Amino acid sequence: MRVRSLELHRLAVPLVRPFETSFGRQTGRQVLMVRVRTDVGDGWGECVAGTDPVYSSEYVDGCEDVIRHYLGPAMLAADDVTAEGVAALFAFVIGHRMAKAAVETAVLDAQLRAVDTSFASYFGAERTEVDCGVSVGISPTIPALLDEVSLYVSQGYRRIKLKIKPGWDLEPVAAVRDLLGTDALLQVDANTAYTLLDLDHLRRLDEYNLLLIEQPFVEDDIRSHVSLAGAISTPVCLDESIVNTELALDAIDRGATSIINIKAGRMGGYLEALALHDACVEQGVPVWCGGMLETGVGRAANVALAALPGFTLPGDTSASDRYFAEDLTEPFVLHDGRLTVPTGPGSGVTVREELLGAWAQRPVEVLRAG
Ligand code: SMG
Ligand code: MG
């Protein structure tokens, strides 16, 4: 296909409640949406980068800049663009995976819509619905945390993930385990807030029968994760560290991680995410689908990915109303703790143009060839 233009939409999307992690608190999301207009039709991709470079080195203004100056011009100059060729087209730019993923996903959406194929069928999804977990932020108090967890349990979520940090770990985990009972699926995510000096403290999490502990240490510190994994019985799962398949396989070989959180945005796109899924299936390593507070556009693709056979644990694929009073697309609604995998062409969801206008932070920027 030929890409005629790329549109950069910057939206300010309010959250229904603040979301706090070890690196900060957010009350809304600044979202970059990319629309490609091609000779076979249009496609959308959502950039998962946050406002500030605190989850990863990427941030939304930086993504926009690299698309504007590098990725966009390269794509507009190409005679024949395919989703499968996007990674090679962008290989001259080092890193910037969240920016690359947004553009690649928009191209894949246009390409699949043109041939009436869903993300799910292109990915090789085997399920029509996926088990959903929910990520619960750091609360002001334990009673407030228990209220929030109780709400999600009553809504049917099949797994709870608690954000932890030093000073907010054993006590909230114990209280939630008490509330849920011994067998309910419970896991924690530290978003790199600890160091190896905390090893003895982290071992105390073993008492709570957790599914896993996600990313306790900084992303490039594989060695400390190996040490921790050898010292605790709770499985260690990497998130931030997993930026491509090679690094993931290396971390698995070294014993740093025995479960992988797959996030397409963090890895440069869904094609790399599929490659990692396949490699993990081959190695017998369970994977689950992470989330980045995506609107319906990103969520649709995540739910399709989570329907692949290797995704054996519930993902951070929560319903639209977990974060948004109104979603950018038709809402994703939980049924018996599951979301239905979209079956329509491409992502299978439709962007609500009126919300693009209502949430716009500034006028749409259009990149054209020449
Ligand atoms: O989409 O439900 C979601 C977010 C899940 O906790 C979540 N994501 O480290 O896994 C993670 C965090 C990163 C996002 S914080 C901006
Ligand atoms: Mg995480």
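1. Let me start with the pair α9 and α10: helix α9 (residues 245–253) packs against helix α10 (residues 270–283) at an angle of about 25°, with their axes 9 Å apart. Because angles under 35 degrees count as roughly parallel, over 145 as roughly antiparallel, 65 to 115 as roughly perpendicular and the rest as oblique, α9 is roughly parallel to α10. The crossing of these two helices is right-handed, the term used if the near helix is turned clockwise from the far one by less than a right angle. Axes here are lines fitted to C-alpha atoms over the stretch in contact, with angles running from 0 to 180 degrees between N-to-C directions; helices are DSSP runs (H or I, at least four residues), numbered from the N terminus.

2. A word on provenance: this is a predicted model, in which local features need pLDDT of at least 70 and side-chain atom pairs count only at pLDDT 80 or more, while totals for chains, interfaces and linings use all residues. Side-chain values use heavy atoms, without hydrogens and water, residues are numbered from 1 along each chain as its sequence is written, and chains are lettered from A and ligands numbered from 1 in the order in which they are written.

3. On to α1 and α3. The axes of helix α1 (residues 60–77) and helix α3 (residues 97–114) come within 9 Å and cross at roughly 50°, which makes α1 oblique to α3. This crossing, too, is right-handed. From α1, the contact (heavy atoms within 4.5 Å) draws on C63, V66, I67, L71 and M75, and from α3 on M98, A99, K100, V103 and V107. By class, that gives nine nonpolar, no polar and one charged residues; Ala, Val, Leu, Ile, Met, Phe, Trp, Tyr, Cys and Pro count as nonpolar, Asp, Glu, Lys and Arg as charged, and the others, Gly among them, as polar.

4. α10 has a further partner in helix α11 (residues 296–306), at an angle of about 20° and with the axes 12 Å apart. The two are therefore roughly parallel to each other, and the crossing is right-handed. Y270, A273 and L274 of α10 meet G298, A301, N302 and L305 of α11.

5. Finally, do look at ligand 1. Around this ligand are 18 residues, of which S135, K161, N191, L293 and Y323 come nearest; a residue is near if one of its heavy atoms lies within 4 Å. A polar side-chain atom of N191 lies 2.7 Å from a ligand 1 oxygen atom, and one of K263 lies 3.0 Å from an oxygen atom of ligand 1.

How values were computed: A polar contact is a pair of N or O atoms within 3.5 Å; within protein, one must be able to donate a hydrogen and the other to accept it, and residues adjacent in sequence count only if both atoms are side-chain atoms.
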